[in-house]
Amino acid sequence: MPSESVCLRPPQQPEGRMLKGQLPSTDKDLAQSSSPGSPPSTTCQGPEKSPVLPFSIPAKLSGDPQAEAKPIAPQPPARPRLERALSLDDKGWRRRRFRGSHEDLAAQNGASASRGSEHREAPPAPSPSLSPPCLSTSLQEIPKCRRGLGSEGGSPSPGGRRLSGVLSGSLDLLHGDELCAARSPRLAGLLAPRPPPAMDLDVTSDSLRTTNKVDSEHADYKLRVQTRLVRAHSSLGPGRPRSPLACDSCSLRSAKSAFSLLAPIRTRDVRSRSYLEGSLLASGALLGADELARYFPDRNVALFVATWNMQGQKELPPSLDELLLPAEADYAQDLYVVGVQEGCSDRREWETRLQETLGPHYVLLSSAAHGVLYLSLFIRRDLIWFCSEVECSTVTTRIVSQIKTKGALGVSFTFFGTSFLFITSHFTSGDGKVAERLLDYTRTVQALALPRNVPDTNPYRSSAADVTTRFDEVFWFGDFNFRLSGGRATVDTLLLQGPEADVPALLQHDQLTREMRKGSVFKGFQEPDIHFLPSYKFDIGKDTYDSTSKQRTPSYTDRVLYRSRHKGDICPVKYASCPGIKTSDHRPVYGLFRVRVRPGRDNIPLAAGKFDRELYLIGIKRRISKEIQRQQALKNQNSSTICTVS
């Protein structure tokens, strides 16, 4: 591209024809107006010193060559049409190099010393009555700006009259008049001839997908933004800034999720905040409202509570899916609490079976034992950070007995700002020993020393004589040994109706229901509605009740009760037994609950994510081993076909 601008002047004779806006038809006419052999001139000498008239001047002029034509006010066209100049050499056109937008901006701002005073000139908008301008128009018809960038007072400078060598070919000519009118340089917009092609979603480069994600003009951008995963348990609240990876599924492909729970933390907040002032319930608290809303937007926790008298049997059922993962529940629960009375001799084996059944999403948060009373607490592994230290306490109701078969075992902890207490008990057995069972209850509520180090969430409503008043949510379950009065014959008559037995009629003979109505036991507790048959006493391995000479009366000895400090916090969902587990004379009984959880303060000793890792690894290895064996058995079964039908 030449460094100096070329200014072409019209010849003397065809002046009237050129001013009419007509073009030379051949390259020879162009050669007459500018000889190729002459050196480029830096000034333009013509018969007139005034600026060249625009091409919107009428075709007829006066006979006097010095007469001045009156310009007509230009009107913008509907849409200008850009064509290539017909009078230019085709090879020269192809050899031209057009300046980019950054070069034009640098030239206008005076970045180059040699071209600091040069500027581009563009024609004014033509009248709508005339044909739209095109690049094939003669160079004399292109008006000049009223003021150059290097001139003062509006007078054109010599450098401002010069035309750029790329004036006839640049697409930025249409913006020149607007640039002069605005009296300030303007960067011409560069529009692509066509939109870039859309990228395939299965592109192999993750970094390219991430880069394309922030390109708002890309054809694929809107598609990527609109495809968002909406979950009931949203990870970000309405007031929290979204994570930059929230819509980038490629960056979180390993996590199998389109959301990130990690919100950005600003450095200035970490620098300025001392964390020694203000409430511990403020924003940023680990157990605060913001963190609770991220995991539980409705502030309800799914809870599973089960009790089972194993009768000391060493043999465990082949599968615990019916107990821990009932078919009626569509989703697994957040917290599993299992209490066992007269447990098997190998307690570790029992806990391993529980871990194997629940799978890798759950960890053993706490495990306690009192003789043959076992209590296991499993929690989802991503919720262990919001638990306090787990405390336990025991009560023995049989002082003389060397084997602690009767008594109570309590476990307590705080989850966010809600305190929980779980008690499993085994009361005195016998049809007529109701008073002894009432005494076992009184000893338990008075002797359980909980909580110890974890502060009470509401000490003003607590009582030193009743442990159940010191916690927000209390679940008491176990073998209470309350029987159905009236004798075996009366109960058998009601049970002969089969699966549609009149359960309310059976409960009219229930000793526990009668004592609770009197207020002598389990004060303030409730029980979900019972819709299952008595869980005691069965012949082992059968569905028939006691057929021995003792003829014990079938009863609802295994129960799950609950109490809440705030009314309506606990909502029972399911209350049933497991008739398919027949290794004991008792059937397991379980309950599904929804418990309301409140935000807490960071003033409690946390469990720091501790769990039984050894048990976790053993349970997972067993689960994997059984799955491999099952697949191998299916493979052998498919390959052992005796005959095939073709």
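**Before starting.** I am working with a predicted model, in which local features need pLDDT of at least 70 and side-chain atom pairs count only at pLDDT 80 or more, while totals for chains, interfaces and linings use all residues. Residues are numbered from 1 along each chain as its sequence is written, and side-chain values use heavy atoms, with hydrogens and water left out.

**Entry 1, the sheet.** I looked up the strands, keeping in mind that helices (H or I, at least four residues) and strands (E, at least two) are DSSP runs numbered from the N terminus, and that two strands pair if DSSP finds at least two bridges between them. I found an open sheet of five strands with mixed pairing, in the order E5-E6-E7-E8-E9. Its edge strands, each pairing on one side only, are E5 (391–396) and E9 (558–564), and the twist from one strand to the next averages 15°. I then followed E6 (residues 407–415) and E7 (residues 418–426), which run antiparallel and are joined by nine bridges; in this pairing Leu 409 stands opposite Thr 424 of E7. Helix H13 (residues 434–447) lies across E5, E6, E7 and E8 (473–479), and runs at about 145° to E5, where axes are lines fitted to C-alpha atoms, for helices over the stretch in contact, and angles run from 0 to 180 degrees between N-to-C directions.

Leaving aside neighbours within four places in sequence, Glu 322 is in contact (heavy atoms within 4.5 Å) with Cys 578, Pro 579, Gly 580 and Ile 581, and its side chain reaches the backbone nitrogen of Gly 580 at 3.1 Å. Arg 294 is in helix H10 (residues 289–295) and counts as buried, at 9% relative accessibility. The side chains of Arg 294 and Glu 291 are joined by a polar contact of 3.2 Å (a pair of N or O atoms within 3.5 Å; within protein, one must be able to donate a hydrogen and the other to accept it, and residues adjacent in sequence count only if both atoms are side-chain atoms).

A nonpolar core is a set of buried Ala, Val, Leu, Ile, Met, Phe, Trp, Tyr and Cys residues joined through side-chain atoms within 4.5 Å. I found that the largest has 51 residues, and that Ile 379 and Phe 415 are among those with the most contacts inside it. The largest share of this core, four residues, comes from E6. Apart from it lies another core of 25 residues, including Trp 308 and Leu 615.

A search of the whole structure gave me 27 aromatic pairs (rings of Phe, Tyr and Trp, with its six-membered ring, whose centres lie within 6.5 Å; planes under 30 degrees apart count as stacked, over 60 as edge-to-face and the rest as tilted). Tyr 336 and Tyr 362 form an edge-to-face pair, at 5.4 Å centre to centre and 90° between the planes. Tyr 336 lies in E2 (residues 335–341) and Tyr 362 in E3 (residues 362–370), so the pair ties together parts that are 26 residues apart in sequence. Both tyrosines, Tyr 336 and Tyr 362, are buried. Finally, I noted a cluster in which ring pairs link Phe 413, Phe 420, Phe 422, Phe 475, Tyr 562 and Phe 593.

Key:
Buried means under 20% relative accessible area, exposed over 50%, partly exposed in between (1.4 Å probe, protein chains only).
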